[in-house]
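Try each task before you read its solution.

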Amino acid sequence: MENFTFSNPTKIVFGRGTENQVGTEARPHAGTVLLHYGTGSIKRSGLYDRVVSSLELAGLPFIELGGARPNPRLDLVHEGIRLCREHRVDFILAVGGGSVIDSAKAIGVGVPYDGEVWDFYTASATPQRTLPVGVVLTIPAAGSEASKSSVITKEEGELKRPLDAEVIRPVFAILNPELTCTLPPYQTACGAADIMAHVMERYFTPVTNVDFTDRLCEATLRTIVRTIPIVLEDPHNYDARAEIMWAGTIAHNDLLGTGRVGDWASHMIEHEISGIYDVAHGAGLAVVFPAWMKYVYRRDVTRFAQFAVRVWDVEMDFSNPQRTALEGIHRLEQFFRRIGLPVRLEEMNVPADRLTEMADKCVESGAKGSLVKLDAPDIVEILQMAR
Ligand code: NZQ
Ligand code: ZN
């Protein structure tokens, strides 16, 4: 196990009706609030009205900015920064999923910064300060509600880039599983793939002697595999929604990565796909992750066989561990298919004519992986395998 520091200051408020506490939670942090949200789901579900009532009850003035799209755009971040400065906003409330939260985080670091906020996403500057961000989460997926990341797309150049910085972790996250019952099945499934990918990026590590966190990872994966079919069948199953929501936060709040080094190549490759083709991040991962696994599993057959046995109940073939490893990858792919996700690029209508460009951009952005260090030809090969 590697040395580590673990500090996750995001306060989690979990359970039925908890969105009604948002005013009370925001009060210690806020004078004037920017209420930031997406493209309409919170208005359709009535969540918007409850959040507004709670802010009013707490006596918090607010302005609002909707319109954060999946794969959130830099242009709206600029608009948010301008609004916050104009109205002297000192707290941002993100009500939505990863896209809204990531946009809120970008606005948060942009407001006190004199330069261009994109500098933070090209690693040419490091954010030292942010407006505090609070969250009411509506989809378990990205884990942004307690993560140190924000991913923003700059349309010019089709660049989707992450910022990682401790300073941007939200101060609180309100997690009411009831809010996720309105998710379309496809979004539920995309969320599942992303949650699983966050665990698997950490699971497939070059670090040895990490059995405790291996077991935590396996438990998280098994929970998703068990509960997603339940909510696809019965979208209002609170107990299953609750398991998924908490698993989604734990998958990406860094607990499961303690003492380990994550890989993250699949994520970086996926960001190139959604940066150009605007597909859902989780769907892109369902395509890329199994292909990546098939490309690299020989590097650590034992670990891939362990994944097969402990997560997918594959019987260990001691005479041929490679076969066990491959069966685990096959079961993952089957699971993605079964819950309605694409597992090939063409199923997402992604043509094969820009694979080299994607691979080059991925490597230029510094993405390489750690279980296996990838160069551009390796990434092209993985994308070919995903066709
Ligand atoms: O725009 P609205 O109306 O909110 O609709 C959204 C959107 O269309 C809808 N939705 C959300 N909650 C709903 C709902 N519809 C009905 N009922 C609800 N309760 O779902 C769609 C997807 O929302 P989005 O926020 O895009 O989903 P997700 O949470 O998967 O976020 C994806 C973004 O997060 C980034 C991804 O790259 C992608 O841009 N990631 C962020 C990370 C982080 N900050 O730590 C890590 C991840 O690896 C990921 O890269
Ligand atoms: Zn992800």
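**Exercise 1.** Find which residues coordinate the zinc ion (ligand 2), and describe how they are spaced along the chain.

*Solution.* Start at the metal: in this predicted model, the zinc ion (ligand 2) is coordinated by D194 through OD and by H198, H267 and H281 through NE2, at 1.9 to 2.2 Å. Next, read these donors along the chain, where they follow the spacing D-x3-H-x68-H-x13-H. Then place the last pair: H267 sits in helix α9 (residues 265-277) and H281 in helix α10 (residues 281-296), 14 residues apart. Finally, check accessibility: H267 and H281 are both buried.

**Exercise 2.** Work out the strand order of the six-stranded open sheet, then see which helices pack on the sheet.

*Solution.* Walking across the sheet gives β1-β8-β5-β4-β2-β3, with parallel pairing. The edges are β1 (11-14) and β3 (62-65), each pairing on one side only. Neighbouring strands are turned by 20° against each other on average, direction ignored. Helix α5 (residues 98-110) touches β2, β3, β4 (91-96) and β5 (133-137), and makes about 165° with the direction of β4.

**Exercise 3.** Explore the largest nonpolar core, using F304 as your guide.

*Solution.* This core has 71 residues, and M196, F204, W292, M293 and F304 have the most contacts inside it. Leaving aside neighbours within four places in sequence, F304 is in contact with residues including F204, W292, M293 and L371. Apart from this core lies another, of 36 residues, among them A68, C84, I107 and Y121.

Terms used. Residues numbered from 1 in each chain as written. Chains lettered and ligands numbered in written order. Predicted model: local features only at pLDDT ≥ 70, side-chain atom pairs only at ≥ 80, totals over all residues. Heavy atoms only, no water. Donors = N, O, S within 2.8 Å, 3.2 Å for Na, K, Ca; no water. Helix = DSSP H or I, 4+ residues; strand = E, 2+ residues; numbered from the N terminus. Buried < 20%, exposed > 50% of the residue type's maximum accessible area, 1.4 Å probe, protein only. Core = buried A, V, L, I, M, F, W, Y, C linked by side-chain atoms within 4.5 Å. Contact = heavy atoms within 4.5 Å. Pairing = 2+ DSSP bridges. Axes fitted to C-alpha atoms, helices over the stretch in contact; angles between N-to-C directions.
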